[in-house]
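Subject: Structure handover and findings

Dear colleague,

Please find the structure below, together with its sequence. A summary of the findings follows it.

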Amino acid sequence: MAKEKITIQDIADALGISRNTASKALNGSNNIPEETRNKVIKKAIELKYKQFALMDSSTLLSKNSGNIALLTANLPNTSHFGSRLISGLEKQISSQGYNLSFHIVRDIDQKSLTLPNNFDAANVDGIICIELFDLNYSNLVMSLGIPTIFVDCAANICYPKFKADLLLMENQHSTYQLTKKLIENGYSSFGFIGDYSHCLSFNERWLGFNRALIEAGIPLELSQCIVGDDSLFFRPDWIEDRLQKITTLPSAFVCVNDFIAVNMMKALKNMNLSIPKDVAICGFDNGPEAGIVEPPLTSVHIYSYEMGIKAAEMLLSRINNPDQPHQVSHMFTEPIIRDSTPLISR
């Protein structure tokens, strides 16, 4: 039978220390080394020690530590929109006297609902989560009681239950506008490429795509879409295999991001198909590859650097006023028309 109540003794046993030491650490005793105290607090959070949430947070968390923690499952590379976002974020928080530390959340951490080894909850004023799309893990982070903002999040969130601020790029309307322009310029059948359940941004792009089809009276043909698990799209052979199984290709593919769009273009060329003569392609992100691939890729520009500044401003506001209502903000994006969809007017 599962143990119903976690005690201080359980925390002490998990760390191999005495109950007295664990108790003193949780009660803010000055006789306990800071390193030991931090380990006890972290373990109490991991074990969901009930009394932990009832304690005065001032005895547990160092005030004004000057540290902001960035939690991410995938540290963005230079071509990812998150790279410039982090640049804007770091510039803004450093101008306010804060340091930014990076913490990689591994798959094993998400499955076991444990915090990264180098994350010190007792020495963090705020948390920024990027590329962190597991809802259970997001709930763990929010349960820490530390001011937190997510840049994008799990697709299956429920806003009233989401106890953190949320910043997204505008997804739905820009995808809707691109798809609508394709329809207005004579394209009559469409395929959506990407895992719309991977994150909220992808889901919003899926909604914008479907809205345009519904308004035009064009039926959604799932047989012309590729919507498998996101991890599969990192295998170009898988994309090509799925393409070959589509008996009748649509006149245009709307892809959930540029990475997938570029791989789609490669797969189509391997099948001796011409872009855009045989099929048009749209992406999303307007990454560096969008302008150099042949033909240049129609995409949606994300103001990622400005999003980093905005994320910092929202988090610092939360730190200074923790009781304000939580916010969900979208930063506008801009469709960029290129030769992969030549019939769309610029």
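Helices (H or I, at least four residues) and strands (E, at least two) are DSSP runs, numbered from the N terminus. This is a predicted model, in which local features need pLDDT of at least 70 and side-chain atom pairs count only at pLDDT 80 or more, while totals for chains, interfaces and linings use all residues. Residues are numbered from 1 along each chain as its sequence is written, and side-chain values use heavy atoms, with hydrogens and water left out.

The model contains an open sheet of 6 strands in the order 2-1-3-4-5-10, with parallel pairing; two strands pair if DSSP finds at least two bridges between them. Strand 2 (99–104) and strand 10 (328–331) form the edges, each pairing on one side only. On average, neighbouring strands of this sheet are turned by 20° against each other, direction ignored. Axes here are lines fitted to C-alpha atoms, for helices over the stretch in contact, and angles run from 0 to 180 degrees between N-to-C directions.

Strand 1 (residues 67–72) pairs with strand 2 in the parallel sense over 6 bridges. Within this pairing, leucine 71 stands opposite histidine 103 in strand 2.

Helices on the sheet

Helix 6 (residues 135–142) packs on the sheet and touches strand 1, strand 3 (126–130) and strand 4 (148–151), where contact means heavy atoms within 4.5 Å. The direction of helix 6 makes about 155° with that of strand 4. Helix 8 (residues 200–216) lies across strand 5 (165–169) and strand 10, running at about 50° to strand 5.

Salt bridges

The whole structure holds 5 salt bridges (a side-chain nitrogen of Lys or Arg within 4 Å of a carboxyl oxygen of Asp or Glu). One of them joins arginine 318 to aspartate 165, with the closest N and O atoms 2.8 Å apart. This pair links distant parts of the chain, as arginine 318 lies in helix 11 (residues 304–320) and aspartate 165 in strand 5, 153 residues apart. Both residues, arginine 318 and aspartate 165, are buried (buried means under 20% relative accessible area, exposed over 50%, partly exposed in between, with a 1.4 Å probe and protein chains only).

Glutamate 215 forms a salt bridge with arginine 211, the closest N and O atoms being 3.2 Å apart. Because glutamate 215 and arginine 211 are 4 residues apart in helix 8, about one helical turn separates them. Arginine 211 counts as partly exposed, at 28% relative accessibility.

Yours sincerely
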